[in-house]
Amino acid sequence: MSDEMDAFVAEAREFLEANATRRDVPSTEVEWGRGEDRITYFGDDPPEVDARKVAAAREWQRRRYDAGFGWITGPPQYGGRGLPNVADLVYDALEAEYDVPDTSVLSLIGLGMIGPTILAHGQEPVKDRYLPAMYRGEVIACQLFSEPAAGSDLASLETTAVRDGDEWVITGQKVWTSIAHHAQIGMALCRTAPDKPKHKGITAFIVDMSAPGVDVRPLRQMSGGAEFNEVFLDEVRVPDDHRLGEVDGGWRVALTTLMNERASVGGEGAGPAARAVSPPFLTAVLKAHGRLGDAAARRRLAELAADQIATEYLNLQAVRRLRAGAQPGPEASVSKLMYAQNLTRGAHFAAEIAGPRLIADTGEWGTFSWNELLLSTPALRILGGTEEIMKNILAERVLGLPKEPGIDSTTPFRELRRSGQGRAGGKA
Amino acid sequence: MSETTTTAELAELRTAVRDFLSAKSGEEQVRQVMESERGYDEAVWAQMAEQLGLQALALPAEHGGDGYGFVELAVVLEEMGRALLPSPFLSTIVLAGSALVAAGDAGAQAAHLPGIATGKTTATLAVAEADGAWDTASLATTAIRGDKGWTLRGEKCFVLDGATADLILVVARTDEGPTLFSVGGDAPGLTRTPLRTLDATRRLARLDLADVPAVAVGEPGAAAVVVDRVLDLAMTALAAEQVGGAKACLEASASYARERVQFGRPIGSFQAVKHQCADMLVRLQLADAAAREAADAVAGVDGAPDPGVAAAVAHVVCSEAYMFVAAENIQVHGGIGFTWEHPAHLYYRRAKSSQLLFGGPAVYYERLLSRMGV
């Protein structure tokens, strides 16, 4: 390790010691029967608890940023520190030793996906105005991509942006918009040339979520909470300098975001849900229910453990390659598929062990509480690109298999058959 | 200990081995050799040593080896698995070579390792008996100490390349506990019976030992530790081979799916076929990661996980992945994949024989749990 890196580590350590408490127990260790009896993926906190967590996330991000750890790899002209990726990974590893507020409301979408997109495709006024504010925790960003009639086929989106002098006027409906209710800005994909084929008539914009005409309505999930939303855009005016990339060049911009999304979802290996289905935790589940001698349960545990540990190895190796300066490869898609599968199978395994105590709350620790995760796992196979789309991507980009033949990439968008056509408010 | 080898050097090694094997062990040669009595091509074995030094690669430098480790060896094994090379490499280098190193008997090392390193000697390790278990606690084969030294009595089964090996390391029971012995392939009292095998590219034999003279290797009673270490290395080596074989299957499937036309389109454009190939890729990537991590772990690379866990994980994940990919490969090919002429069945056979070589699912899931402390 270089002297510079040693100095960086010492500085990060000093910041963390002064601003956070070190964890008593390493985060991988299991404490069965202790602590809050909750296993969450999506939260279903009441709004006041949710608001408090968001405020804590913003405050921690501000402190990180002011100390030089908020945007370690970012360019200095926009408030970044200009260090290589490895410094980021080193800081994350150090911070994991401390109890700090969960900042995923900022990092997962805003800093993980939209920040890099603005940096790559934004005009100067947008970069100057939003990048430092995002990385300082002041601005939360959401992703205005999916629509009722444009899910997996995102490029068939219908929200329009029409030019009016130095401004654009945006009208349409977005859906599945996570954290829109906390967001100050959104990255919107809009149809700007309906006479061109679908991929060639889209433009990307940064929209001020407090602008007149933006209406955010919460959407309740099957797991009970409401972390995502419908967003209605009614003649929302956006200055042209808030456009990302070229006019009609929005698909390329969107690909930058989506690439970062897959890396972001698959990389959640250390999250609380993944910990709940980790081999030590599932072993503790078996033990607590007196099933450690059950051959069928042991076999299932071993199968789950092998896949999970191998997925960990896959992620570790991806991190090592990133440290060595490589770009994220197809392993991000593999990692995302495995993450969904591991979490789903782990949750069902724990449910099976809990038995009837899963379907009725007997008050016993670590039984009924699995429901939250169990009810969240179906989303993992859909969000950030459905499994079916991920498999198409792997087969086409990695294995070179031909695309499904179709007319949809050459025909003008307005001539294509679309879901819900001719009806108001079609379904996805 | 492994020296530091750069990514570029590993890639160079891979290219050299792949070029060699595509010239010497193409499908036609594999088919010829697998029909032969000996089960491997002695000329290719000699060339592997002379031209590429593969046998010496990971053996200790003080005994004629090059002193590299499992990270480098894994590259070689992956290519051998890809080419389905019929060869006593796994038995000689990984089983016997590692057992000699792990036993730490300087005399035995000096006697046998130089011959192995030059490709002159082939060798194997005989642990399993009639039940096929790699378990040193329940051995029936016994060693008796007499005036002229040790003699072995019993029966060993599923011995990899046991009918052809020049040197056989045998684990037998003594009063002190399980002990490692060396036996000459032509020793008096030794009857070697080649067994019919599912996978003709991987030969197994039964050994009947009727008072066979033997030399103890290492301290009497010390073989359990040796076998544990060898098993970790063997599972790791096998994992690399399995990944190589699975890669060959997936490449064959993807290539066929791109070219085979039905209903007026390449079949790979149908999502049913496309997703089947993507599922194969996912399992393969996972297996590849597990095999690499295990190689790092047994080689003692900085920051690598516990070798016992990593090797057990790799053995489970790579065994399952290879079997899955080899079976799906036949499905993607349809009828042609079920013919004798098509190589798909050779991989299918190798996948199954590798999965079951050290006990199979009945053993490897429990082994993983025990390595995890469950």
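Q: What percentage of the 374 residues in chain B is made up of buried residues?
A: This is a predicted model, in which local features need pLDDT of at least 70 and side-chain atom pairs count only at pLDDT 80 or more, while totals for chains, interfaces and linings use all residues. Residues are numbered from 1 along each chain as its sequence is written, and chains are lettered from A and ligands numbered from 1 in the order in which they are written. A residue is buried if 20 or more other C-beta atoms, placed from the backbone, lie within 10 Å of its own. For chain B, the buried share of the 374 residues is 55%.

Q: Why is chain B as compact as a globular protein of that length?
A: The globule rule, 2.2 Å times the number of residues to the power 0.38, is set against the radius of gyration, taken over C-alpha atoms. Chain B is as compact as a globular protein of its length because the rule gives 21 Å for 374 residues, and its radius of gyration is close to that, at 21 Å.

Q: Which elements give two or more residues to the side of domain 1 of chain B that touches domain 2 of chain B?
A: By an automatic or database assignment, domain 1 of chain B covers 7-89 + 107-120 and domain 2 covers 124-223. Each of these two domains gives 9 residues to the contact, which is counted where C-beta atoms, placed from the backbone, lie within 7 Å. With helices taken as DSSP runs (H or I, at least four residues) numbered from the N terminus, the elements on the domain 1 side are α2 (27-35) and α6 (106-118) of chain B.

Note on methods. Buried ≥ 20, exposed ≤ 12 C-beta atoms within 10 Å, placed from the backbone.
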